[in-house]
Amino acid sequence: MTTTPVSIEVNGELQTHEVEARLLLVHFLRDYCDLTGTHVGCETSICGACTVQIGGKAVKSCTLFAVQADGESVVTVEGLARDGQLHAIQQAFWECHGLQCGFCTPGMMMTAVQLLADIAKPTREQIAHGLKGNLCRCTGYTHIIDAVERAAGAQ
Amino acid sequence: MAETSRGPYVGKSMKRVEDPRLIQGLATYVDDLRLPGMLHAAFVRSPYAHARVTRINADAARSAPGVVAVFVGADVNQSCGVVPCAADMPNLKNPQHRVLADGRVYFVGHAVAVAVARDPYAARDAALLVDVDYEPLPVVTDPERAIASGSLLTHPDLGTNVAFEWSLSTGDEAELERLFRSADRIVRQRMLHQRLTPTAIEPRGCVASYHRGEQSLTLWTSTQIPHLVRTLLPGMIGVPENKIRIVAPEVGGGFGSKLNLYIEEALCSHLAMRLGAPVKWIETRRENMASTIHGRDQIGEYEVAVKNDGTLLAIKSRTIADIGAYPQLLTPAVPTLTGLMLTGCYKFKAMKMDVIGVYTNKMSTDAYRGAGRPEATYLIERMVDIVANELKMDPVQVRRLNSPKPSEFPFATACGLTYDSGNYEGALTKALRIARWNDLLDRRARARQEGKLFGVGVSTYVEICALGPSKAMSAGGWEWGCVRVEFSGKATVITGSTPHGQGQETSFAQIAADRLGMPIEDVVVLHGDTNVAHYGRDTYGSRATVLGGTAIVMCIDKILAKTRTLAAHMLDVKPDDLTFEGGRFSAKGKSVGWGDLAPAAYVAKNIPPRFEPGLEASSFFEPENFTFPFGTHIAAVEIDRETGEARIVKYVAVDDCGPQINPLLVEGQVQGGIAHSIGQVLFERTVYDEQGQLVTGELMDYALPRAHDIPPYEMGSTVTPSPSNPMGIKGVGEAGTIGATPTIANAVMDALYPLGVRHLDLPLTPEKIWRAIQSGADDRGGDRIPEADRSAPRYTAADVGDGALQVGNV
């Protein structure tokens with residue numbers, strides 16, 4: 001099996017591994033970097049559970065090869081909290097009961113972070129449309145929208 | 001009798017203790033487990049709905065890099081038992097569901113072979129290299145045609161497609177026929193409850209590890225029912241129950257789809273023993289859509305006998321349940337729950353329901369959120385609207401007229417159940433008030449004047465929860481709990497109800513902290529590992545908080561009774577002199593708390609005579625009855641005439657689940673449930689084509705609700721305690737899904753009423769609505785509402801003043 005070296009800065013730390021060219025970014029993060037907070041829900045970019053940020057943009061890591069992210073800077077859910085302080089979006093999801101089973105939550109929050117970077121004070125409608133690439137089957141979304149709204153207020 | 005709160009936590013909206021690990025990516029779902037030497041399994045599945053497997057060549061797969069082994073049916077079926085069905089259905093014809101196909105496949109996704117390799121990519125490569133020759137056979141997909149004489153057979157060996165027949169009726173059927181003969185009118189409607197895919201965002205998966213020294217097995221599996229799996233797995237793999245440990249780690253949603261023992265769990269366990277290494281399998285989404293249970297899929301003909309004044313007399317139903325190719329764990333029980341709830345919250349004098357379960361070449365149906373009750377509520381709430389239409393009465397008035405009053409509880413239904421408590425009028429009035437009902441009717445009138453298609457819908461629902469008394473359940477309906485006040489004076493609470501997102505680590509801590517008089521930070525709730533939570537009946541049927549919570553209350557009461565004697569001994573007073581408050585026993589100006597009591601109980605030097613050391617108690621709670629939560633939901637929809645798209649513009653939910661432990665979590669459960677209904681009413685449908693091919697085989701093809709599909713909610717509650725348990729609680733996990741489906745459907749049908757459309761089956765997609773707008777006809781091209789009736793006023797202004805309402809959280 002031919003492998004190729006891939007170097008990705010993940011949550012501020014350089015990760016270099018020899019990987020197959022077909023290795024998906026999500027598996028690079030989960031299996032090579034031991035960052036299992038990023039989840040696989042559909043393998044087709046529909047559910048968004050695998051959402052991470054590359055260069056500040058939310059992307060679905062289940063349909064991106066690790067080699068495509070070579071040299072990039074990736075942030076996963078594990079990189080949101082800083083110095084033991086939860087990120088505003090994490091705090092808001094907690095306070096608003098924005099999660100139940102928690103499986104979609106890391107991807108949902110990574111999308112929300114970019115949404116708030118793009119629109120500082122989004123309307124509820126803008127939030128709902130901004131989250132359309134992320135599926136949640138537990139909450140019915142209302143508490144998630146509450147959480148993003150609260151995080152926007154906290155910024 | 002329900003007790004009032006004893007402390008600061010129960011009844012308070014609190015954020016969850018489980019969340020910090022979940023929001024930081026620190027939780028451990030089954031796919032996050034890595035064991036030394038772990039192998040990975042990948043399945044080869046049938047692309048045909050029905051075929052003979054004429055040849056399997058796995059040579060290339062076996063010699064591929066990293067591949068350890070490939071197994072086909074002949075390699076494993078003699079070593080593994082068949083998939084169990086635990087539903088109580090004596091006449092069930094069960095076609096022996098083996099772990100891998102035995103020469104023949106019966107549905108798309110039927111497992112034919114399994115490849116095991118050192119990494120998951122190699123395992124998938126190997127599965128693709130397995131060469132299977134299929135000889136396609138005729139396919140059974142239409143359950144109605146399947147029971148006609150001379151039909152093709154799903155399982156030729158059974159000689160019939162009828163899996164089971166089941167009937168429920170009110171005692172004397174002659175009375176039913178008499179009521180139908182004496183009725184002023186008989187209202188008939190055929191309705192279809194479409195097949196749905198539960199779609200937990202975490203697919204299924206498991207890791208099995210066999211410990212040769214101990215001859216014991218550990219299975220980590222994404223399941224709602226670790227305890228039932230532990231009880232049933234021995235029958236499939238031969239390891240005794242007391243050598244099996246099941247762990248449900250973090251579970252990413254279930255909705256009934258993980259309320260099962262599946263072939264993959266048994267086969268991975270078998271292979272871990274056979275190969276001497278841990279075996280992991282993680283379901284792909286494609287597998288999840290094809291090979292994890294589906295829900296609903298009933299076709300019913302319903303007849304209601306009514307009087308011209310709106311009195312509902314009797315109801316009859318003939319229901320065909322498409323159960324797919326095999327019964328899974330509870331498949332036959334789902335339509336029986338529909339039968340038990342057929343009469344909804346109405347005073348029918350008699351009912352009869354005949355169910356035929358039919359095999360087809362599809363994946364099994366089984367319990368999906370609500371499991372038979374959404375079907376019952378949908379059909380009865382649609383029927384009440386159709387009855388009101390035919391009688392030119394206000395649907396709200398028909399509901400009021402036929403509902404039992406609070407003084408009529410406990411209320412014996414025509415289906416043979418005893419509803420524990422209820423105030424249906426209270427919830428209805430409150431919902432009308434929150435909806436500003438009369439303003440809403442004005443808004444509808446204005447919209448219609450402007451030529452818009454605008455409708456309102458109401459549903460008054462009742463559900464059966466806290467499943468259930470053991471006498472009514474096939475495998476015990478009790479729940480187990482254990483509470484230990486540790487040496488440190490902090491408490492460990494262990495529950496046999498295994499939550500998978502509902503939040504019982506928080507709500508059970510609230511219950512325990514209040515009752516023990518401890519700070520909530522001092523209480524830890526454990527669950528999901530059968531080596532820790534030794535017994536349980538797990539989480540389904542909105543049972544965990546009612547049954548699991550009550551078991552914990554019973555444990556704590558045992559501990560408090562015991563601790564009272566210890567406290568009396570330590571303080572040198574009589575036990576009866578002691579008061580217990582804030583975690584301290586006090587008398588005569590002296591007091592002692594957990595920090596003193598717990599070490600004394602464990603050091604056991606200064607204890608009363610015959611005092612058993614330690615502070616631990618376990619309990620099995622056996623309920624006397626189910627609980628029957630209820631409520632009223634109201635929706636308003638506007639339909640785009642050009643596209644047929646229905647948009648929910650207002651949604652009101654008033655739910656009564658008894659006293660609420662944590663209103664924030666109750667709200668989350670209701671909102672999540674309503675979203676499932678929005679999906680069922682407007683988008684979702686699992687589609688097999690005539691060849692039995694699964695058309696909705698990926699999330700790209702199956703329309704789940706997204707954030708922008710959700711309307712703003714106005715939510716309220718009423719509180720009618722259940723007499724069936726000490727906290728008076730009723731359960732809320734499925735309420736939203738049960739209440740909302742008919743509400744939204746009724747609103748859409750109200751919007752289409754002026755066009756003459758009587759009934760459309762779900763889902764009410766833009767295309768279906770658009771076609772109805774063009775034709776004024778129902779799905780089957782007939783049954784228009786008479787022209788003269790279309791302008792009849794449906795719904796009238798209601799008095800929603802400050803009538804006697806119980807306190808809620810609006």
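The model is predicted. In it, 44 residues of chain A are in contact with 43 residues of chain B, and the largest nonpolar core holds 319 residues. Strand S26 of chain B, residues 630-639, is largely enclosed by the rest of the structure, because 10 of its 10 residues are buried.

- On the side of chain B that touches chain A, helix H1 (19-23) and helix H19 (663-682) of chain B each supply at least two residues, and H19(B) provides the largest share, with 7 residues.
- Sorted by class, that side of chain B comprises 20 nonpolar, 14 polar and 9 charged residues.

**Domains of chain A**

- Chain A is assigned a domain 1 spanning 3-79 and a domain 2 spanning 88-154, and the C-alpha centres of these two domains of chain A lie 21 Å apart.
- Their contact draws 16 residues from domain 1 of chain A and 14 residues from domain 2 of chain A.
- On the domain 1 side of this contact, strand S3 (51-54) and strand S4 (57-60) of chain A are the elements that give two or more residues, with the largest share, 3 residues, coming from S3(A).
- By class, the domain 1 side of the contact in chain A has 7 nonpolar, 8 polar and 1 charged residues.

**The largest nonpolar core**

- The members of this core that touch the most other members are B:Val112, B:Ala113, B:Ala115 and B:Ala512, while the element that gives the most to the core is helix H17 of chain B (residues 544-571), with 11 residues.
- Apart from neighbours within four places in sequence, the residues in contact with B:Val112 include B:Val44, B:Arg45, B:Val72, B:Leu100 and B:Val132.

**Strand S26 of chain B and its partners**

- B:Phe630, B:Thr632, B:Ile634, B:Ala636 and B:Glu638 point one way from S26(B), whereas B:Gly631, B:His633, B:Ala635, B:Val637 and B:Ile639 point the other way, and all are buried.
- S26(B) pairs in the antiparallel sense with strand S18 of chain B (residues 453-462) over 10 bridges, and within this pairing B:Ile634 is the bridge partner of B:Val458.
- S26(B) also pairs in the antiparallel sense with strand S27 of chain B (residues 646-656), over 10 bridges, where B:Glu638 stands opposite B:Arg647.
- The hairpin of S26(B) and S27(B) has 6 residues between the strands, and in this hairpin B:Gly644 adopts a positive phi near 80 degrees.

Conventions:
Residues numbered from 1 in each chain as written. Chains lettered and ligands numbered in written order. Predicted model: local features only at pLDDT ≥ 70, side-chain atom pairs only at ≥ 80, totals over all residues. Contact = placed C-beta atoms within 7 Å. Helix = DSSP H or I, 4+ residues; strand = E, 2+ residues; numbered from the N terminus. Nonpolar A, V, L, I, M, F, W, Y, C, P; charged D, E, K, R; others polar. Domains from an automatic or database assignment. Core = buried A, V, L, I, M, F, W, Y, C linked by C-beta atoms within 7 Å. Buried ≥ 20, exposed ≤ 12 C-beta atoms within 10 Å, placed from the backbone. Pairing = 2+ DSSP bridges.
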